[in-house]
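User: I'd like to learn how to read helices, strands and loops in a model like this one. Could you walk me through it?
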Amino acid sequence: MIRVYLLDDHEVVRRGLAELLHAAGDIEVIGESGSAQEAARRIPALRPDVAVLDARLPDGNGIDVCRDVRAVDSTIKGLILTSYEDDEALFAAIMAGASGYVLKQIRGTDLVDAVRRIAAGQSLLDPAVTQRVLERIRNGVEQPRELAALTDQERRILEYVAEGLTNREIAGKMFLAEKTVKNYVSSLLAKLGLERRTQAAVLATRLLS
């Protein structure tokens with residue numbers, strides 16, 4: 001039996017998912033919750049084979065839960081289930097170690113198949129989302145010399161800084177902790193030889209325009 005944990009803030013969605021997975025015959029739902037904090041605490045203790053995680057929750061998101069859970073037990077596979085076709089969320093999910101990222105419009109039989117494949121150690125990413133990400137990478141222009149030292153994550157944060165977003169707003173968009181974003185900002189300022197956030201915003205606006 002494949003052991004599954006469900007995280008979604010809508011009870012009716014969790015019930016529907018549980019019934020769908022139970023009906024498969026080889027899948028057992030061993031726990032569920034509607035809270036990111038509760039899930040991050042319970043999943044490592046229950047040790048499911050697969051955790052099906054809603055990307056957006058009132059008290060956090062499934063991507064952070066995936067990252068936290070896998071930091072404790074890397075054998076637990078994460079499947080991000082979301083209503084939004086969001087490239088940044090896909091990048092964040094990959095960085096969090098998720099094995100799959102699928103949209104909630106997925107057919108029930110396909111979701112059951114996805115759980116089975118992920119439990120077997122395969123990687124599953126929604127083609128509709130990954131195709132756009134790959135196109136963005138292929139069509140990317142050569143970056144300015146000043147930005148060469150930045151990681152992809154730091155560059156995306158720099159772009160948000162140029163747009164005037166706060167650390168909290170950036171954290172929300174990139175599914176990161178606010179403290180993590182603050183650390184990234186400090187790192188990119190050091191790499192660019194700058195002291196203040198406003199300087200980075202001015203530089204980024206000039207280089208990225």
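Predicted model: local features only at pLDDT ≥ 70, side-chain atom pairs only at ≥ 80, totals over all residues.
User: Let's start with a helix. Which are the buried residues of α8?

Analyst: The buried residues of α8 are N167, I170, A171 and M174. Seen down the axis of α8, they fall within an arc of 105°, so they line one face of the helix. The general idea behind such a pattern is that an α-helix has 3.6 residues a turn, so residues three or four places apart point the same way.

User: Which exposed residues does the face of α8 turned away from its buried side carry?

Analyst: That face carries R168 and G172.

User: Now the packing. How do the axes of α8 and α9 cross?

Analyst: For a pair of helices, look at the distance between the axes and at the crossing angle. Here the axes of α8 (residues 167-174) and α9 (residues 178-192) come within 8 Å and cross at roughly 110°. That makes α8 roughly perpendicular to α9, as angles of 65 to 115 degrees count as such.

User: Which residues meet in this contact?

Analyst: From α8 there are N167, R168, I170 and A171, and they meet E178, V181, K182 and V185 of α9. By type, the residues of this contact divide into four nonpolar, one polar and three charged.

User: I see N167 in that list. Is N167 buried or exposed, and why?

Analyst: The way to decide is to compare the relative accessibility with the cut-off, and buried means under 20%. N167 has 16% relative accessibility, so N167 counts as buried. Leaving aside neighbours within four places in sequence, the contacts of N167 are with E178, V181, K182, V185 and R197.

User: What follows α8?

Analyst: F175 comes after α8, and the phi of F175 is positive, near 55°. F175 sits in the loop between α8 and α9. With a relative accessibility of 4%, F175 counts as buried.

User: Let me try another helix. Which residues of α2 are buried, and which are exposed on the other side?

Analyst: In α2 (residues 36-46), the buried residues are A36, A39, I43 and P44. They cover an arc of only 110° around the axis, which puts them on the same side of α2. On the other side, Q37, R41 and A45 are exposed.

User: What does E154 reach with its side chain, and where does E154 lie?

Analyst: E154 lies in helix α7 (residues 152-162), and the side chain of E154 reaches the backbone nitrogen of T151 at 3.0 Å. E154 has 3% relative accessibility and therefore counts as buried. Beyond neighbours within four places in sequence, E154 is in contact with A149, Y184, S187, L188 and K191.

User: How do I read a strand residue such as V29?

Analyst: Begin with the location: V29 is in strand β2. Next comes burial, and at 15% relative accessibility V29 counts as buried. Then compare sequence with space: V29 and R3 are 26 residues apart in sequence, yet their C-alpha atoms are 6.0 Å apart. Not counting residues up to four places away in sequence, V29 touches V4, L6, A18, L21 and H22.

User: To finish, what does the secondary structure of the whole protein chain come to, and what share of the residues is buried?

Analyst: The chain comes to ten helices and six strands, and 45% of the 209 residues are buried. Among contacts with a separation of 6 or more, 64% join residues 24 or more positions apart.

Note on methods:
Residues numbered from 1 in each chain as written. Heavy atoms only, no water. Buried < 20%, exposed > 50% of the residue type's maximum accessible area, 1.4 Å probe, protein only. Helix = DSSP H or I, 4+ residues; strand = E, 2+ residues; numbered from the N terminus. Arc of directions from axis to C-beta. Contact = heavy atoms within 4.5 Å. Axes fitted to C-alpha atoms, helices over the stretch in contact; angles between N-to-C directions. Parallel < 35°, antiparallel > 145°, perpendicular 65-115°, else oblique. Nonpolar A, V, L, I, M, F, W, Y, C, P; charged D, E, K, R; others polar. Polar contact = N/O pair within 3.5 Å; in protein donor to acceptor, adjacent residues only side chain to side chain.
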